[in-house]
Amino acid sequence: MAWIVPVPLMSLVTATFLEELACGSSEVSLDVLQRITRYREVDENHHLIVWFWSILEEFTTEERMLFLRFVSGRSRLPANVNDITQRLQVTKVDRAVDSLPTAQTCFFQLRLPEYSSREVMAEKLRYAIFNCRSIDMDSYMLTRNLDNGHPSDDER
């Protein structure tokens, strides 16, 4: 660390401040998310979008972090808003009403189908963020192979 920040300067900052600089803020700011969001196939006044932001406002800190991980693969936003290289894309998709939302982490994109109510949308979002944590198939394949009696690469 001393080659990044000279040791004499380390006494001027707290560990929390250094963590935030390196890892980003542990609080997911809805204000920041709204500023970096763009919409596709829907506008910000559409009922889905109004419901979406009101649901995120009600989310706990943990749920917001899980949401961010669901759509981006990371659980924190950079400490400096100018370091955010992609905009959150919220897209309305033509799928069955009340389907689960999907995300494309490479594109920082949330894909929302139509929902019959705000409550159903909140339920589906929560289900997705709590149960769809893997951004790739590595964990799934490892678990599946072990469950089916196939050894992992470490056991071969």
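Hi everyone, let me start with the second largest pocket, which has a volume of about 150 Å³. This is a predicted model, so local features need pLDDT of at least 70, side-chain atom pairs count only at pLDDT 80 or more, and totals for chains, interfaces and linings use all residues. Residues are numbered from 1 along each chain as its sequence is written, and side-chain values use heavy atoms, with hydrogens and water left out.

A pocket here is an open set of points on a 1 Å grid over the protein atoms alone, where a 1.4 Å probe fits, with protein on both sides within 12 Å along at least five of seven lines; lining residues have an atom within 4 Å of a point. The volume is the space filled by probe spheres set on the points.

Who lines this pocket? Among them are Ser 72, Arg 74, Asp 83 and Phe 108. By class, the lining has 4 nonpolar, 4 polar and 2 charged residues (Asp, Glu, Lys and Arg count as charged).

Now to the rings. The structure holds 2 aromatic pairs (ring centres within 6.5 Å; planes under 30 degrees apart are stacked, over 60 edge-to-face, the rest tilted). Phe 52 and Trp 53 have ring centres 4.7 Å apart and planes at 65°, so they pair edge-to-face. For Phe 52 and Phe 67, the centres are 5.6 Å apart and the planes at 55°, so that pair is tilted. It links distant parts of the chain, with Phe 52 in helix α4 (residues 47–58) and Phe 67 in helix α5 (residues 61–72), 15 residues apart; helices are DSSP runs of H or I, at least four residues.

Are Phe 52 and Phe 67 buried or exposed? Both are buried, meaning under 20% relative accessible area with a 1.4 Å probe. Together, ring pairs link Phe 52, Trp 53 and Phe 67 into a cluster.

Key:
Rings of Phe, Tyr and Trp (its six-membered ring) pair if their centres lie within 6.5 Å; planes under 30 degrees apart count as stacked, over 60 as edge-to-face and the rest as tilted. Helices (H or I, at least four residues) and strands (E, at least two) are DSSP runs, numbered from the N terminus. Buried means under 20% relative accessible area, exposed over 50%, partly exposed in between (1.4 Å probe, protein chains only).
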